Amino acid sequence: AKRVLVVDDRPDTLGFMLLGLESAGFEVEVAANGREALERQREHAADVVITDIFMPEMDGLETIDRIKAQFPHTRIIAMSSGAGRMQDYLKVAGQIGADATLLKPFSTEDLVRLVGRLASDVPGRSR
């Protein structure tokens, strides 16, 4: 199964995403912030990392930057609420390496479809 790492500081968001992705057949790990995400990624690299932009310890932009540098094949989805300036942050996320963006709130269907599309695109792993 394709591995997905979900990074968000809100337990309710993590729970919703974990449930949706696992029921779609993905192997899922969660992390509460960027620092934790990098530790998880080094232990057992995920095919797709989904990260929130605003988090304590290490924000999403720095997380994306570091994961892309160390794991160039990993696909990254940046997520954030679509309010106000958030669109700008998501744009920056794309410029520094995010492969896609998700605007909160999103449906399980949208999440699963996007992760599936990106996961099938990861090179060098058995399908």
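Rings of Phe, Tyr and Trp (its six-membered ring) count as a pair if their centres lie within 6.5 Å. By this rule the predicted model holds two aromatic pairs.

**View 1. Phe16 and Phe106 form a tilted aromatic pair.** The ring centres lie 6.0 Å apart, with 45 degrees between the planes. Phe16 sits in helix α1 and Phe106 in the loop between β5 and α5, so the pair ties together parts that are 90 residues apart in sequence. Phe16 is partly exposed, at 33% relative accessible area. Phe106 is buried, at 12%.

**View 2. Phe54 and Tyr89 form an edge-to-face pair.** Planes over 60 degrees apart count as edge-to-face. Here the angle is 80 degrees and the centres are 4.9 Å apart, so the pair falls in that class. Phe54 lies in the loop between β3 and α3 (60–70), and Tyr89 in helix α4 (residues 86–95). The two are 35 residues apart, and the pair links distant parts of the chain. Phe54 is partly exposed at 39% relative accessibility. Tyr89 is partly exposed too, at 33%.

**View 3. Helix α1 spans residues 11–23.** Its 13 residues reach 18 Å from first C-alpha to last, close to the 18 Å expected. Just after α1, Gly25 takes a positive phi of about 95 degrees.

**View 4. Helix α1 has a buried side and an exposed face.** Thr13, Leu14, Met17, Gly20 and Leu21 are its buried residues. The face turned away from the buried side carries the exposed Pro11, Leu19 and Ser23.

Methods:
Residues numbered from 1 in each chain as written. Predicted model: local features only at pLDDT ≥ 70, side-chain atom pairs only at ≥ 80, totals over all residues. Heavy atoms only, no water. Helix = DSSP H or I, 4+ residues; strand = E, 2+ residues; numbered from the N terminus. Expected span 1.5 Å × (residues − 1). Buried < 20%, exposed > 50% of the residue type's maximum accessible area, 1.4 Å probe, protein only. Phe/Tyr/Trp six-rings, centres within 6.5 Å; stacked < 30°, edge-to-face > 60°.
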